[in-house]
Amino acid sequence: MGEVASNPEKNDRKFALPVDSEHKATEFRLFSVATPHMRAFHLSWISFFACFVSTFAAPPLIPIIRDNLNLTATDIGNAGIAAVSGAVFARVAMGTACDLFGPRLASSSLILLTAPAVFLSAIANSPAAFLMVRFFTGFSLATFVSTQFWMSSMFSPTVVGTANGLSGGWGNLGGGATQLIMPLVFSLIHSSIGSTKFTAWRIAFFIPALFQTLSAYAIFFLGQDMPDGNYVRLEKSGEKHKDNFSQVFYHAITNYRGWILALTYGYCFGVELTIDNIIAQYFYDRFDVNLHTAGIIAASFGLANLFSRPGGGMLSDFVARRFGMRGRLWTLWVVQMVGGLLCLLLGKIGSLSGSVAVMLVFSVFVQAACGLTFGVVPFVSRRSLGVISGMTGGGGNVGAVLTQVIFFRGSRYSTEEGISLMGVMIMCCTLVIMLIYFPQWGGLFCGPRKGVTEEDYYLSEWSAAEKEQGFHKMSMKFSENSRRERGRKGAAAPVQSDPPTIV
Amino acid sequence: MEVPAGFLIVSLLLSCFVASSYGVYFSSLNATLSVTATPTQGQVLKAGEDQITVTWGFNQTYPVGTDSSYKTIKVKLCYAPISQKDRKWRKTVDLLKKDKTCPHKIVARPYAASNNSFTWTVERDIPSATYFVRAFAFNAQDEQVAYGQTTNAHKSTNLFEVQAITGRHTSLDIASICFSAFSVVSLAGFFYMEKRKGKASK
């Protein structure tokens, strides 16, 4: 009570968008750059986009690079795996870093620390060097977590799904855009400046490197951690409470749903990363198109992210209105299964036009599945949202590593066989969604347990001692807001009106 | 609206399974051309600097008139098996239009039975690998009708190497390192600025 009185400026502050009690925006206005909410959105998706462009800058130029550095199919496969494996742990660490330092410093630091890897790609001279630069550049994909964290800090639950889906999807767009940008930059340098092919690709890498560096500067100078200011200032003034890390981490890793979603995200987002790595080379080699055309086709896969991932997020919110969490889970299961089927089909098709058509439909389904996954993730835990998001995100990268190691390394399978087998693996791994069960809302096949409420679920993450100190209040608020996940039918189910008794 | 789209997809899918296997097969060709090139077994040539002189002609041990359909000769630089290993983009396939063994063109000339030679400077975009030289004879329909190569049928003799350019330049190296250093230094600067802001707000 005393806190409000000692901070009179807090309530007088004017925001360009309507806000809730935490000063998080309740509306999402895409074409605004108003501080701090919409500006944070644009800074986060643009910087995430830049990181994707850098991480996947090599694949469209592989036909040139493989001749320059004398790479074998195994070398190329290993580098592709390295590119996505770094972010596995980096994403989990990023969740923690966001809590400690705030998303603004955490993301700009990571982006500036990985920019040298992109600059140094220009002087790579051997398969080993190539692998190293792709490995370190790939760490930058951990900015996914800071993006989602930042959106969750700036936008209230009613629009956070849209904000997360758009920032995630538009960032992923970089994986597609780079397939267009890099061949274009390469041919401009090769024809206009007249550099030989083996020099032109090296110069081309300066473009994503500079873009990445500039985006980090923009975040640092123009961004802000929370609606009310940066962490540094808020912690000193006492407005922000620091949670206990080992507890947050413990509650994340002991929640089995986080692990299941990490696995299934590996088979939608992981597959997306794998395809970003192999698809240009696939079209170039199998169908004999030139570098430009292969790049355009490969780009269209990633560019579908413009609407398909946000669409998945919005679809999740839409089915939840009627069917609640069970609707979200069913939709995720169906969409990801169809994605797997289309992947199986993609490898079987022998004509160029057929392949492109199936690839486009496949891209929509697999990316929508990514958006649908993050329609479920915010509800798995309230206390440990950062770490759960990091685990799921990291799981995505693990899926990319696994599929590339098993199917796209060396010469055991042809690329088309690998793609079909990957489709089979997607379908098998998606089956585990059947095991997700929320006692208060149900799962795929079972309804909710009688008498269990949202408070029981979210407040079980806090100990008695912590509850006495009142640290659990935001989980209480969240529990009330999440009652909508019961769907329309569950409106009559029990609601807890008194604070829970300590068992 | 959905039915026509579905039909379109199905008909596209059906059309894909029509494999096109028309074209000339390498195994159907005879080695009626004799081709020699200046590099000796194991010699290393530098891309952009060294030269190859290729001479080719009709092999007189074959019956007269075999070469009546030959209209043009295309001489190519081809990968030896060791440079094709674990690199399926250089794979040898019998159907010539899918074959990736000989991607680098040296010269194309109208056919003459003898006295053909050409000196070629190894181009700067030739990758480091082991090579041999092969010439194809084309008829008036631009189909391969004969060939000749500097190596034996197993592609194991008389192979030479090319050492490619690195593509690196000193200026590029310096720019790369400077920008990298600048990124890291500016990050340190950011942390310093942030610390100062923290102290100032106390």
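**View 1. Interface of chain B and chain A.** In this predicted model, about 4,200 Å² is buried between chain B and chain A, with carbon and sulfur atoms giving 64% of that area. Asp86(B), Trp89(B) and Phe190(B) supply 17% of the area that chain B buries against chain A, more than any other three residues. Buried area is the accessible area (1.4 Å probe) that two parts lose on being put together, summed over both. In contact (heavy atoms within 4.5 Å) are 43 residues of chain B and 53 residues of chain A.

**View 2. Salt bridges across the interface of chain B and chain A.** The rule finds four salt bridges here, each a side-chain nitrogen of Lys or Arg within 4 Å of a carboxyl oxygen of Asp or Glu. Arg104(A) pairs with Glu194(B) in a salt bridge, with 2.8 Å between the closest N and O atoms.

**View 3. Nonpolar surface patch.** Trp330(A), Val334(A), Leu431(A), Met434(A) and Phe445(A) make up the patch, which has about 440 Å² of accessible area together. Patch residues have over 30% relative accessible area and no salt bridge, nonpolar side chains being joined within 5 Å. Val334(A) lies in helix α17 (residues 308-348) of chain A and is partly exposed because its relative accessibility is 40%, between the limits of 20% (buried below) and 50% (exposed above).

**View 4. Residues 1-12 of chain A.** Over this stretch pLDDT stays under 50; pLDDT is the predictor's confidence in each residue, from 0 to 100. Where it is low, the predicted coordinates should not be read in detail. The mean pLDDT of chain A is 86.

Residues are numbered from 1 along each chain as its sequence is written, and chains are lettered from A in the order in which they are written. Local features need pLDDT of at least 70, side-chain atom pairs count only at pLDDT 80 or more, and totals for chains, interfaces and linings use all residues, while side-chain values use heavy atoms, without hydrogens and water.

Key. Patches are made of residues with over 30% relative accessible area and no salt bridge: like charges are joined within 9 Å, nonpolar side chains (Val, Leu, Ile, Met, Phe, Trp, Tyr) within 5 Å. Accessible areas come from the Shrake-Rupley method with a 1.4 Å probe; for residues, only the protein chains shown count as cover. Helices (H or I, at least four residues) and strands (E, at least two) are DSSP runs, numbered from the N terminus. Buried means under 20% relative accessible area, exposed over 50%, partly exposed in between (1.4 Å probe, protein chains only).
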